[in-house]
Amino acid sequence: MTAAWTPVALARDLPRLGVMPVCVDGIDVALWRSASGRLAAWADRCPHRGMRLSHGFVRGEALSCIYHGWSYGASGSCLRIPAHPDLEPPEAIRVPVHRATENNGVIWVALGDQDNTPPALTGLVPLRSVTVQARAEVIRSASGLAIGADGIARGHLASIAVAVLMQALPEGATVLHVLAEPADPAALIAASRAVEALRRAAESKGAA
Ligand code: FES
């Protein structure tokens, strides 16, 4: 059931106190990590006046909006409104929260309730993420990689075993999150260059 979970980033690309925008099934999501390392994926829209929360900043275990500074805690509920420091924010002021998890160095997000888990990618390590200006089917065709029952493209790039996770973006672009078998640095660099060559091939094929 990989369709329920979308790979959105490599875990190393989201450090503690970091926040970044990601896209899941066309929905904007603010992905962030607290000081303690807790991962969260929220609707990328402040309940106050709609500013993107991915433009905000993390302090401790809370995410604050860049516009008027409203801050939100782990459950998505509003903790503080700076313009009214003595006011206890109403419970109704709350950011919609999505499910987020990480395994094998990949961050996954699911919209709605899911009781399943993302696919296991044991024995592989994160290699790189790259944005390709082409749709997933064009990339699959250009790569020659086999698509498994879990929807993940697997095969070899530069003689290194890889798994390629695809995240669709609006307007036909796709982010590839690539994992590879552990190997020496030179082999991993070669695999990384092969990913870049795949990007170019897919983009030229998509433009043809
Ligand atoms: S829009 Fe976010 S605090 Fe005002």
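Trainee: Is Asp-28 buried, exposed or partly exposed?
Mentor: Quick caveat: this is a predicted model, where local features need pLDDT of at least 70, side-chain atom pairs count only at pLDDT 80 or more, and totals for chains, interfaces and linings use all residues. Residues are numbered from 1 along each chain as its sequence is written, and side-chain values use heavy atoms, leaving out hydrogens and water. Buried means under 20% relative accessible area, exposed over 50%, and partly exposed in between (1.4 Å probe, protein chains only). Asp-28 comes out at 37% relative accessibility, so the label is partly exposed.

Trainee: Which side chain meets Asp-28 in a salt bridge?
Mentor: A salt bridge here is a side-chain nitrogen of Lys or Arg within 4 Å of a carboxyl oxygen of Asp or Glu. The N to O distance for this pair is 3.1 Å, and the partner of Asp-28 is Arg-52.

Trainee: How many residues apart in sequence are the parts that Arg-52 and Asp-28 tie together?
Mentor: Helices (H or I, at least four residues) and strands (E, at least two) are DSSP runs, numbered from the N terminus. Asp-28 sits in strand S3 and Arg-52 in the loop between strands S4 and S5, so the parts tied together are separated in sequence by 24 residues.

Trainee: What is the relative accessible area of Asp-44?
Mentor: Asp-44 also meets Arg-52 in a salt bridge, 3.0 Å from N to O. Arg-52 is partly exposed at 32%. Asp-44 is buried, with a value of 7%.
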